[in-house]
Amino acid sequence: MESLFCCPLCTQPLDRQETRYLCPQGHSFDRSSAGYVHLLPANQKHAKDPGDDKGMATARNRFLSGDYYAPLRDALADLALTFTPDHPRVLDAGCGEGYYSAALFQRLEEAGTHPQMAGIDLSKHALRRAAKRAKAVEFAVASVYHLPVPDTTADLLVNCFSPLALEEFLRVLKPGGFYFYVVPGPQHLWELKQVLYDKPYPNQEKLTPYPGLTYLEVRSVDEMVHLPDRQTIADLFQMTPYFWKTPREGAVRLAALKELDITISFRIHVFRKTGHF
């Protein structure tokens, strides 16, 4: 079966088989029992267990499965349907546990566009959940800085809170392909930050042009959501950068809360690839 992935060792196309991926040079990569494949060479693996650990992946999966970020999910799916052609090839770079990947694929499939989609992430713990959530999507352990994807493959590349690997993104996008870059809005999780910090500050909002890309629009997503219990609050906290850099006093204050209303705020920057990259 044709795959969106290429061999990370020789860049030849990969054939997606029932239990493995195989390239013409004979390089073979086993598919895990969960369904994802490991395409991160040893010289690109900078930690024993890269990406989100098991606890973080579990917290993220539990929180997102509660659909607290459904407004962002739905906005991304709407934009994907607006901008992609029939038979689109879609890449989710930094897909995590596949919440957004699954939604985009489902929306495009239901619209009859017959998408082909792949997601990559460093965390095998996240990809176990992604492969179960979206069985028709290919998932691989890989780095956004070394995408195991051939040149000019993707009609759409989605980057949700993951590092900006601009050179790689331009390489794998088709000419005229689209790039969705999701970042937090100014007031994202403001009420959470008020509990954690004595002097919280809003996120910076700016338009940054990138060579090789043309701005098309910025879609804003702003909602209030209710977190009904301590577990949900703790899950959200664990999946944010604040989990690693919050003073102990702030974490204690947050743990004491039984519920919390918070602002979710996102900006989806929509670009189109120009030129001959």
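**A helix, a sheet and a loop residue**

Helix H1 covers residues 54-65, 12 residues in total. From its first C-alpha to its last it reaches 16 Å, close to the 16 Å expected at 1.5 Å a residue. The model shown here is predicted.

Look at the two ends of H1. At its start, a side-chain oxygen of Asp53 comes to within 3.2 Å of the backbone nitrogen of Gly55. After the helix comes Asp67, whose phi is positive, near 65 degrees.

Now look along the helix. Met56, Ala57, Ala59, Arg60, Asn61, Phe63 and Leu64 of H1 are buried. An α-helix has 3.6 residues a turn, so residues three or four places apart point the same way. What covers the buried residues of H1? The cover includes helix H3 (99-110), helix H4 (124-133) and strand E11 (213-227). Helix H7 (230-238) and helix H8 (242-245) are also part of the cover.

Take H4 from that list. Two packed helices are described by the angle between their axes and the distance between the axes. H1 and H4 pack at an angle of about 35 degrees, and their axes are 8 Å apart. On the H1 side, the contact is made by Lys54, Ala57, Thr58, Asn61 and Ser65. On the H4 side, His125, Ala126, Arg129 and Arg133 take part. By class, this contact has two nonpolar, four polar and three charged residues. Ala57 and Asn61 belong to the contact, and both are buried.

Next, turn to the sheet. Four strands form an open sheet, in the order E1-E2-E3-E4, with antiparallel pairing. Strand E1 (2-6) and strand E4 (28-30) stand at the edges. Each has a single partner strand, so one side of each is left without a neighbour in the sheet. The twist averages 30 degrees from one strand to the next. Inside this order, strand E2 (residues 13-16) runs antiparallel to strand E3 (residues 20-22), and two bridges join them. Asp15 stands opposite Leu22 in E3.

Finish at a single residue. Thr246 is found in the loop between H8 and helix H9 (248-255). Is Thr246 buried or exposed? Its relative accessibility is 16%. Buried means under 20%, so Thr246 counts as buried.

Thr246 also has polar partners. Its side chain makes a polar contact of 3.1 Å with the side chain of Tyr197. A polar atom of the Thr246 side chain lies 2.5 Å from the backbone oxygen of Tyr242. Leaving aside neighbours within four places in sequence, Thr246 is in contact with Leu196, Tyr197, Phe237 and Ala251.

Methods: Residues numbered from 1 in each chain as written. Predicted model: local features only at pLDDT ≥ 70, side-chain atom pairs only at ≥ 80, totals over all residues. Heavy atoms only, no water. Pairing = 2+ DSSP bridges. Axes fitted to C-alpha atoms, helices over the stretch in contact; angles between N-to-C directions. Expected span 1.5 Å × (residues − 1). Buried < 20%, exposed > 50% of the residue type's maximum accessible area, 1.4 Å probe, protein only. Contact = heavy atoms within 4.5 Å. Polar contact = N/O pair within 3.5 Å; in protein donor to acceptor, adjacent residues only side chain to side chain. Nonpolar A, V, L, I, M, F, W, Y, C, P; charged D, E, K, R; others polar.
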